[in-house]
Amino acid sequence: MFKPKVPQKEIKYQDLRIYTDEELRNPTDEEMKAFKIKHDTPLLDQLETGPWPSFVADLKAEAWRRRKLADDRMMIPREVVEDLLGQVEISFVHGETHWKHGGIVGVIGYGGGVIGRYSDLPDKFPGIAHFHTMRVNQPASKFYKTDFLRAICDLWEFRGSGVMNLHGSTGDLVFLGTTTEQLEPIFQEMAHHLSQDLGGSGSNLRTPSCCVGKARCEWSCYDTQEACYELTMHYQDELHRPAFPYKFKFKFSGCPNDCVAAIARADLSVIGTWRDGIRIDQDAVRAYIKGEILPNAGAHKGRDWGKFDIQKEVIDLCPTRCMRLEGEELYIDDANCVRCMHCINVMPKALRPGKDTGACILVGAKAPILEGAQLSLALVPFMKMEPPYDNLKELIDKIWEVWMEEGKNRERLGELIQRMGLWRFLDTIGLPPSPHMVWAPRANPYIFWKEEDVPGGFKRDINDYRSRHAR
């Protein structure tokens, strides 16, 4: 069983709590109807009238709570949330943000983890003149104990705005809004009492994140939690001290379902896969065909979808047409299977990933910054994933060496590969090209030959050629 390198401190909320139950209680509907923040917010008020839960209602409840607290029960301005609502209202009216970046802030020894944010209307909204964000490194797969969550919420209520985001798109637990003076005390409290570290921000390794993995998922082909934790601990300098051309993200998915959306967002995706064939339980296949087992684990029950049709719903939807049905037996041409997971998702009792498991390593995904959005490309079709993951670390180090040398300012890895060409990138990091890197390898001449690889080189004598190929 996976165990962290550093023994985890047992967090007991009763030893760390700051507020009483009465101080933390939520307002009643009557109390909220009678409560009015100090700014008029007609546009924001409209967001409370829809059918969905509203962040405006939550912020007003937090403003109500802070107004009830004694002066010594909070370390930043009481009106922080009310001023936040006031500024957002003006931003809606003006159609532009009123946040500015007025300088770099952080904690001692770290170059990342804190995102400086200041209001450009400090005279009008003094409570948010400073409104810094702190990224907190989430536990692998985001498993929390309630004692920890209560303790960290108390800390943020006391030294911050009380407004949090669980979780950011990278994965971090995000603290939204505190003053410069509170950054170091918050960090020290987290480090010494909650065994908690800051996450990544800026041109560095961002906080690695992973899916639930083998903790709860039967499809996971490797231990995503262990891999995520190991690389987080191994690359501490890269996580906390920015030295890259731009951000770099690791994401770990246990199977090709990719529940952390790594293929669309991560510079390096580790996607669980298998090298052998899909395991087939033919008795279960027959049970699905006869309707004795519900497809998709019953996720679509409750509506009249008609009888399950394995040909229409599974075989015909295979992207490489590598499946066929003979009578009531299913056959798979595993050499042409691209591990899309569709058949396994539809018939989980009949089909399972193979036993020779590992991961496919992909690189280069990103959202639009300098260039448009990019999805990952397969770099290593299969890699065994076993601790201490030296094979993966060696690959990462080679990639970073090239990127840090050749990458331009704010150029993600995918953009570098696009600019220098995949073949040159592969040559630089010492990896051979693979058909897995190309969607249609039989039709795409993706290999660019070097002169030394061609017998006789590129320079040819035309007369010699004609003498050997006379018509």
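This is a predicted model: local features need pLDDT of at least 70, side-chain atom pairs count only at pLDDT 80 or more; totals for chains, interfaces and linings use all residues.
The largest nonpolar core has 39 residues, and Phe-250, Phe-252, Leu-268 and Leu-392 touch the most other members. Several elements give two or more residues to this core, among them helix H9 (224-234), strand E8 (250-253), strand E9 (268-274) and helix H16 (413-420). H15 gives the most, with seven residues. In soluble globular proteins, nonpolar side chains tend to be buried together.

Glu-394 and Lys-398, four residues apart in H15, or about one turn of the helix, meet in a salt bridge with an N to O distance of 3.7 Å. Glu-394 counts as partly exposed because its relative accessibility is 47%, and Lys-398 does so at 33%.

Turning to the salt bridges overall, a search of the whole structure finds 26. Two of them make a friendly contrast in setting. Glu-62 and Arg-65, both in helix H5 (residues 55-68), have their closest N and O atoms 2.7 Å apart, and both residues are buried. Lys-36 and Asp-40, by comparison, pair at 2.9 Å between the closest N and O atoms, and both are exposed.

Finally, Leu-43, Leu-47, Phe-55, Phe-92 and Val-93 make a nonpolar surface patch of about 440 Å². Phe-92 lies in helix H6 (residues 80-94) and is partly exposed, with a relative accessible area of 42%.

How values were computed
Residues are numbered from 1 along each chain as its sequence is written. Side-chain values use heavy atoms; hydrogens and water are left out. A nonpolar core is a set of buried Ala, Val, Leu, Ile, Met, Phe, Trp, Tyr and Cys residues joined through side-chain atoms within 4.5 Å. Buried means under 20% relative accessible area, exposed over 50%, partly exposed in between (1.4 Å probe, protein chains only). Patches are made of residues with over 30% relative accessible area and no salt bridge: like charges are joined within 9 Å, nonpolar side chains (Val, Leu, Ile, Met, Phe, Trp, Tyr) within 5 Å. Accessible areas come from the Shrake-Rupley method with a 1.4 Å probe; for residues, only the protein chains shown count as cover. A salt bridge is a side-chain nitrogen of Lys or Arg within 4 Å of a carboxyl oxygen of Asp or Glu.
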